[in-house]
10 protein chains.
Amino acid sequence: MSRLDVTEKIVATKVAKGLKWSDVAQKVGLSKEWVTAACLGQMTLDAKQAGIVGEIFGLTDAEQKWLQVVPYKGSLPTSVPTDPLIYRFYELVSVYGTTFKELIHEEFGDGIMSAIDFKMDLTREADPKGDRVSINMSGKFLPYKTY
Amino acid sequence: MSRLDVTEKIVATKVAKGLKWSDVAQKVGLSKEWVTAACLGQMTLDAKQAGIVGEIFGLTDAEQKWLQVVPYKGSLPTSVPTDPLIYRFYELVSVYGTTFKELIHEEFGDGIMSAIDFKMDLTREADPKGDRVSINMSGKFLPYKTY
Amino acid sequence: MSRLDVTEKIVATKVAKGLKWSDVAQKVGLSKEWVTAACLGQMTLDAKQAGIVGEIFGLTDAEQKWLQVVPYKGSLPTSVPTDPLIYRFYELVSVYGTTFKELIHEEFGDGIMSAIDFKMDLTREADPKGDRVSINMSGKFLPYKTY
Amino acid sequence: MSRLDVTEKIVATKVAKGLKWSDVAQKVGLSKEWVTAACLGQMTLDAKQAGIVGEIFGLTDAEQKWLQVVPYKGSLPTSVPTDPLIYRFYELVSVYGTTFKELIHEEFGDGIMSAIDFKMDLTREADPKGDRVSINMSGKFLPYKTY
Amino acid sequence: MSRLDVTEKIVATKVAKGLKWSDVAQKVGLSKEWVTAACLGQMTLDAKQAGIVGEIFGLTDAEQKWLQVVPYKGSLPTSVPTDPLIYRFYELVSVYGTTFKELIHEEFGDGIMSAIDFKMDLTREADPKGDRVSINMSGKFLPYKTY
Amino acid sequence: MSRLDVTEKIVATKVAKGLKWSDVAQKVGLSKEWVTAACLGQMTLDAKQAGIVGEIFGLTDAEQKWLQVVPYKGSLPTSVPTDPLIYRFYELVSVYGTTFKELIHEEFGDGIMSAIDFKMDLTREADPKGDRVSINMSGKFLPYKTY
Amino acid sequence: MSRLDVTEKIVATKVAKGLKWSDVAQKVGLSKEWVTAACLGQMTLDAKQAGIVGEIFGLTDAEQKWLQVVPYKGSLPTSVPTDPLIYRFYELVSVYGTTFKELIHEEFGDGIMSAIDFKMDLTREADPKGDRVSINMSGKFLPYKTY
Amino acid sequence: MSRLDVTEKIVATKVAKGLKWSDVAQKVGLSKEWVTAACLGQMTLDAKQAGIVGEIFGLTDAEQKWLQVVPYKGSLPTSVPTDPLIYRFYELVSVYGTTFKELIHEEFGDGIMSAIDFKMDLTREADPKGDRVSINMSGKFLPYKTY
Amino acid sequence: MSRLDVTEKIVATKVAKGLKWSDVAQKVGLSKEWVTAACLGQMTLDAKQAGIVGEIFGLTDAEQKWLQVVPYKGSLPTSVPTDPLIYRFYELVSVYGTTFKELIHEEFGDGIMSAIDFKMDLTREADPKGDRVSINMSGKFLPYKTY
Amino acid sequence: MSRLDVTEKIVATKVAKGLKWSDVAQKVGLSKEWVTAACLGQMTLDAKQAGIVGEIFGLTDAEQKWLQVVPYKGSLPTSVPTDPLIYRFYELVSVYGTTFKELIHEEFGDGIMSAIDFKMDLTREADPKGDRVSINMSGKFLPYKTY
């Protein structure tokens, strides 16, 4: 058994039972973004969270333990993603990558936006010309320092 | 001469003169995100915008014309970026890619967030534990339809 | 169980029963292009469509549910396809890619042809020198806008 | 001097003079699709065609001769294209590749659609919900035969 | 079940029974080159041919049906082959590729040698200094045409 | 100066003077296949051959000396060739690679067809349905031996 | 002019003058590790530091300004390094990567060792059996948090 | 059965029993770095060590024998690691690689730091601004010699 | 069943029984280098050799037949090997590759050292400063010839 | 100026003057293998050696200094070499890599053959059936040790 097996069981159960990530998140008591990532094998749950998730998806004790182990992260099968939805995010990095770099350095100096001390919020933005996906990302700025 | 030459001239002039992208954007009258991307060879300016940018960076007429030609987009030298700041965004796609996919599909059904009908806003978020980079992205949802 | 398993079952059943995609499409009441893509794991069916497809291919309830889940798209095993028929399309992108780009920009300005708000029609074109494959593609033009 | 140099000169002259591919094509007396591909270094002109193109773009005799040499084809700098417009075509091959394959084989049997005995026509399709790009492709079907 | 399973069964049966491809070809009544490629999952058999092959290798009805389905072609596990015998052919393409191109264009003009309307014959050439492998390839020349 | 420079000079001179490889080969007194490969930087000439080639293409003494140095072979810019003519040969290796392997081993046992002790002859084969490219390859069989 | 040009000038001057990184670092007043990385185009200097470095290496004002611009980081030409000394570090990541992961997670929980809030010290460790390279790395632990 | 199977069994047992690498190491009587690497399939144990590890993880005799066989090393599934923690080490090699090279050569001359005659020690470094990961690496310097 | 299955069975049996390749080779009556390569799926045995190997490793008749089939060669899972021992050989090719080329051409002219008509001998070389691995390789020189 | 420039100058001078590596090596007083590698930019010369090489190839003082700087090693332009002579060595690693590994571990235990404390000798081996290339490699065995 591996974490991948647990992820696949969660996903298959979600399809079979017709569950929603937002409902799962509400029961866990955390954001839908973090909980979905955790269920998809990218984040680590504590014992209590794993218990709730385990109950929802009918996981065994051993499977719940796997949810508490830090996973080998990286959710995509290829380095350039083939799925159109995910590719669009890759394209944003490709087209706007140097823009991100220039503007963050202009505002903060040398350093990075943390992808660890990071949170995000994904919502629907109503728009008469067609609703929009709105994503708010917030990551701590970490400066390079001399030593 | 090519668009790349123009981009390099703009960047070299910016370093030499100590200019700021936000000041350039203000003169052009558009967001700093769009104007920086355009100056870095990712977006297309109209004649008036090219004139303003041309004056700031001392571009010839021919160089200004290049700014009005749609560029071959993609700002990064390798498919997996090596620069730490840009890599963090790639890592977000790698770790959260399937989460983006699940949550957008849960909210909107099958389709994508457009990377074309798209805008973003990058700001500093003051935080006593260390300021944060805040990025608001907004892209139109485009549904797949049957035919 | 995963969507891939369902796709493989559909394909194996099609071989065993000697079915035709155009007949399947007629029963579903949509174009053969969209229905084939859906059966091959690239599009998402609604409950009624999944029911029809399920009956044709003898799918269980759970398998029909998988057809209603948005799949991880991308139907090819390698980034440069090895199959001669599919490679010819890749070659067209390789040889004519910059031509597509120049002519669409000349006609429409900066932007893309959507691969989402897209439909196509593949037909046989009779020709005394040997019949031809005719493909009509129609995709909405999406302009980049300033912001 | 190489064909690439000639291509770059043509493109730079086009930007400087503000020429249109459709006008160039009209003067050459062929479709805009073929003429653009030829000017971008993908097709071979005969002496007369090269003369017309040479006059338009101010090419020397030697440069016109290069236009009559069969080029090393392939217009893209990376195997997975980074430009969003061109990528959408690659995505169509990725998502619909197996569908192309199934439907062509269903109609014609084993073989391919030729990318050599091939022509295409790219036009604007007016649409109240936003104009569309329409591409008609026509390629001879070439069957595999036993021997 | 998939075509790959059928190929593997054919190969395993050939080893177990000590069969020869040339004998199989003789029974099918076609060249050994085409029949071997078909048995290795690269060509499509008709019902009668599949029946003969099926009898030789003890294939079920379903397996024989798979032989009549156009396969996803490409017989090698990596884009640069590791097997020394097959690599030598890749090396010929690498070393002589531009020579093939120059000489075919010199003789025929712009176009290609078809790999579809193609046949070949592989024979032993007796030689006192060591026997040689002789391969005769014949492919139709397909010209690019203007349109 | 490098061998690549000499190759480029030869090719550019050939275009400018409108020379033919078959004429060059006749003057050198060897097959057009070998001489073309040598002029394209894949084979090594002796002093006399280099002198003839040098006279035809107007090479300096130093350039003629480069023709006598064993080159770093490999004539293609990418491991999977993008040029349609050359790709067809790559496709033959991809589709028929395992067939080559099976039939050569069936006839000769374990070993390879040499790509060094190798010659080939490329001719036009008249055919009422369209002329064909005929390629005869002959390579010594080299057996693996135990030790 | 670009940062790469400045890096190359620094390196060429260092060779020509026979300078030592440790002496440069002493004049700048920072560690040899950070100063070397900065001179090699991986870190950003402030005006004063750039002035000292500029004096040592004979840099112009414009070149000194480039040293104050955040560079596009990544010092290696290939994703798997070919240089034996640098490869050994890559090998350590390859062989010990999962060990690093397990032990850091066992001690700290889910998170990473920062490569930004990071410093290191490289020294010679005398050893009768052959001196050793000793590297002390220290990076802040950054925990993933729920949100 | 293969070494990979044994590694997977060890990891699964560790999760199920909630064991700690540092406790395992203490029982084996060696450093936690070496023992973890060995349990993860990167180092070779002797019979006694394999016996202790076997008892802890409930391994059969055959499984214990596999621990004594030199493994095919390399613990990561991709050449550029996707896991954020491991990637940071890769990033250090990418950003600091040429710095490592310069400083080791400045101190020792041409040669490498051995990754074989190598040891390391990973500890927690208390810090009021957030604890740090401290890694001490020590590798023998191996000089290139003339011959 | 495939050759890979036979290789894995041989390796697993070797571990379980604690056999040595040199003993296997002695029983087969050939060099340890050739026999090990054959047992690892890289060389082809005749019936008698396969019988001896089959007896040692407890192979069935079918498995022994697989040993007599020419295998698809190439023993490594990645094109740049990750295992440190095997990587060192790859590094020798990387660092000394052009040296091999220059010296062999200087001695023999244009051609190659055969990797088919090849043998090698790997022995321990006693040395007071630490024993050395000594490898003697001998490959026939194959000249390119004109034609 | 860079080391690459110096290497190219050495190679071009060697061609122009018709020098031999073995003569260069004799003047330097070291093996032809080491001296060739050094001249090709893979090894580091001391001042005296650089002086001799500089005199032979007409190098300036600055160029001689570059010969004394440790180079970024790796002599090949692609990770899988395209040159047939060099490829054969790569093929040996591919086919015999696991054999090297098994036999060295059987003789020495876990560890590697050093590619640093390494020397080799390349000679002609007379043989009535065709002369052979003989290569003797000798590398120190470096054992992994527990810690």
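Is the crossing of α6(E) and α6(J) right-handed or left-handed? The crossing is right-handed; a crossing is left-handed if the near helix is turned anticlockwise from the far one by less than a right angle, and right-handed if clockwise.

1. **Ground rules.** This is a predicted model: local features need pLDDT of at least 70, side-chain atom pairs count only at pLDDT 80 or more, and totals for chains, interfaces and linings use all residues. Residues are numbered from 1 along each chain as its sequence is written, chains are lettered from A and ligands numbered from 1 in the order in which they are written, and side-chain values use heavy atoms, leaving out hydrogens and water.

2. **Chain A.** Chain A has six helices and two strands. These are DSSP runs numbered from the N terminus: helices are H or I with at least four residues, strands are E with at least two. From the N terminus, the order is α-α-α-α-α-α-β-β. Along the principal axes, the C-alpha atoms of chain A fill a box of roughly 50 × 50 × 30 Å. Of its 147 residues, 61% count as buried (under 20% relative accessible area; exposed is over 50%, partly exposed in between, with a 1.4 Å probe and protein chains only). Consider the contacts in chain A with a separation of 6 or more: 52% come from residues 24 or more positions apart. Contact means heavy atoms within 4.5 Å.

3. **The helix pair.** Helix α6 of chain E covers residues 84-108. Its axis and that of α6(J) come within 12 Å and cross at roughly 155 degrees. Axes are lines fitted to C-alpha atoms, for helices over the stretch in contact, and angles run from 0 to 180 degrees between N-to-C directions. So α6(E) is roughly antiparallel to α6(J) (over 145 degrees; under 35 is roughly parallel, 65 to 115 roughly perpendicular, the rest oblique). On α6(E), the contact residues are E:P84, E:Y87, E:R88, E:E91 and E:V95. On α6(J), they are J:P84, J:Y87, J:R88, J:E91 and J:V95.

4. **Aromatic pairs.** Over all chains there are 70 aromatic pairs. Rings of Phe, Tyr and Trp (its six-membered ring) pair if their centres lie within 6.5 Å; planes under 30 degrees apart are stacked, over 60 edge-to-face, the rest tilted. C:F118 and D:Y96 form a tilted pair, 5.8 Å centre to centre and 45 degrees between planes. C:F118 lies in strand β1 (residues 111-125) of chain C and D:Y96 in helix α6 (residues 84-108) of chain D, so this pair joins two chains. Both C:F118 and D:Y96 are buried.

5. **A pair in chains I and J.** The ring centres of I:F118 and J:Y96 are 5.8 Å apart and the planes stand at 45 degrees, so this pair is tilted. The pair runs from strand β1 of chain I to helix α6 of chain J. I:F118 is buried at 5% relative accessibility, and J:Y96 at 3%.

6. **Charges over rings.** The charged end of A:R124 sits over the ring of B:F108, 4.3 Å from its centre. F:R124 lies over the face of E:F108, at 4.3 Å from the ring centre. The rule asks for NZ of Lys or CZ of Arg within 6 Å of the ring centre and within 35 degrees of the ring normal.

7. **E:M137.** This residue is in strand β2 (residues 132-143) of chain E. E:M137 is buried, with a relative accessible area of 5%. Beyond four places in sequence, E:M137 touches several residues, including E:F118, F:L92, F:F100 and F:M137.

8. **Chains without contact.** No contact joins chain A and chain I; their closest C-alpha atoms lie 16 Å apart. Chains D and I also have no contact, with closest C-alpha atoms 19 Å apart.
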